[in-house]
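Thanks, everyone. Please bring up the model, and we will walk through two parts of it.

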Amino acid sequence: MKKYLFLLLISGLSLFATAQDSLHIRLDSLLSDPMFETSQVGLMVYDLTADSVCYQHNARQLLRPASTMKLVTAITALDHLGAAYEFRTKIYHTGTISNGRLMGDLYCVGGMDPMVDLDDMRAFAKQLHTLGIDTLSGRIVTDISMKENLDYGEGWCWDDDNPRLKPLMVGRKDIFVDELIKALETDSVVIEQIQISEGRCPANATLLAQRTHNIDQVLLRMMKKSDNYYAESMFYQIAASVGKRYAKAKDGASVVRQLIQRIGLGAQPYKIADGSGLSLYNYLSAELETKLLRYAWLHGVIYDHLSPSLPIAGVDGTLEKRMRKTAAEGNVRAKTGTLTGISSLSGYCQAANGHQLCFSIINQGVMRNVEGKNFQDRVCQVLCEPWGSTVQLPE
């Protein structure tokens, strides 16, 4: 019996090696495409079940990640801020409330929540009215000291459709006070001789109302729709967690580098410029993205919150129209990335043998992004199809 089991084990290992050889042959054949005469690619595939590298090609080459940078931001945020983290917008007051009149200043403190909308403004008005406030007499002060006073990220192209990076926005527009006043007046709050200014909320101010959105809500749009504003909001939550007032992008980058250090790649000369991938100053590698995906997988809480936010091939998000009617459809969960000359895809899938895989593909120098996407789709199809024969157990 022992001899039989030994032979079975040897046979299984041999067939596994054959399957690995088949995978290498098939991926090598994809890399022979003429597109690589004028472009480059970094590629790594990691078998999470076996905890080993399946395949790599230029995996350590420094490349611009485009929107797969959002994976780095998301994993860092879930690791550093926690899965219960909430984005907050708060309203404080100074002075006194007497007979329904607030004699003092109203402070609107921005927390760079990208989800604040008109419903939130109406909720703020209702919260104030519920507290018995029917008249405001003083100033409305906006506190946007959460982050540095830069509207755009380092290395962003001026002619892109770039989001403005303000901590106190409504529906992506710098109209918070205007909409708050409208909501208050609609809710029958009388506003007397209000002056509007910008300043810092004093430490002795009293909290009146707040609105929150959890990290899962932000992740869903950030990843499924590849929303740059949501990603930058997430990045500045990371930056602000360092504890500095007027948080800077470099503060967020320092936290990312700490995570990179922990996964054993701290010696590599990566460049972290923003959280969305819009910046042309970002430089990462397929190896880094793959090992961050592995880190998320090993830390179940991170993976449990990251995975539902990723686009699914042929189903939704930025992968809705890709890989349909292939073995990758409904299987691949991955973040896409697209900038001029850059196309990338990084995420997870399940191989035909049941093993869980993660991968990163970064195409650079592709003047027609469809070529990069087609290459990535073919790689994913190879990963999801049978690599070779499987071991047949005796009856």
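Which residue stands opposite Val109 in β7? Asp143 does. Keep in mind that this is a predicted model.

Let's stay with β7. This strand covers residues 135–143. Strand β6, residues 106–109, runs parallel to β7. The two are joined by 4 bridges.

β7 has another partner. Strand β5, residues 101–103, pairs with β7 over 3 bridges. The sense is parallel here too. For a landmark, find Arg101, then look across to Thr135 in β7.

Now, buried or exposed: what are most residues of β7? Of its 9 residues, 7 are buried, so the rest of the structure largely encloses β7.

On to the helices. Take α3, residues 118–130, and α4, residues 176–186. Their axes come within 8 Å. They cross at roughly 55°. The crossing of α3 and α4 is right-handed.

Which residues make the contact? From α3, we have Leu118, Met121, Arg122, Phe124, Ala125 and Leu128. From α4, we have Phe176, Glu179, Leu180, Ala183 and Leu184.

What kinds of residue are these? The contact of α3 with α4 has 9 nonpolar residues and 2 charged ones. No polar residues take part.

To recap: β7 pairs with β5 and with β6, and α3 crosses α4 at roughly 55°. Thank you.

How values were computed: Residues are numbered from 1 along each chain as its sequence is written. This is a predicted model: local features need pLDDT of at least 70, side-chain atom pairs count only at pLDDT 80 or more; totals for chains, interfaces and linings use all residues. Side-chain values use heavy atoms; hydrogens and water are left out. Axes are lines fitted to C-alpha atoms, for helices over the stretch in contact, and angles run from 0 to 180 degrees between N-to-C directions. A crossing is left-handed if the near helix is turned anticlockwise from the far one by less than a right angle, and right-handed if clockwise. Contact means heavy atoms within 4.5 Å. Ala, Val, Leu, Ile, Met, Phe, Trp, Tyr, Cys and Pro count as nonpolar, Asp, Glu, Lys and Arg as charged, and the others, Gly among them, as polar. Buried means under 20% relative accessible area, exposed over 50%, partly exposed in between (1.4 Å probe, protein chains only). Two strands pair if DSSP finds at least two bridges between them.
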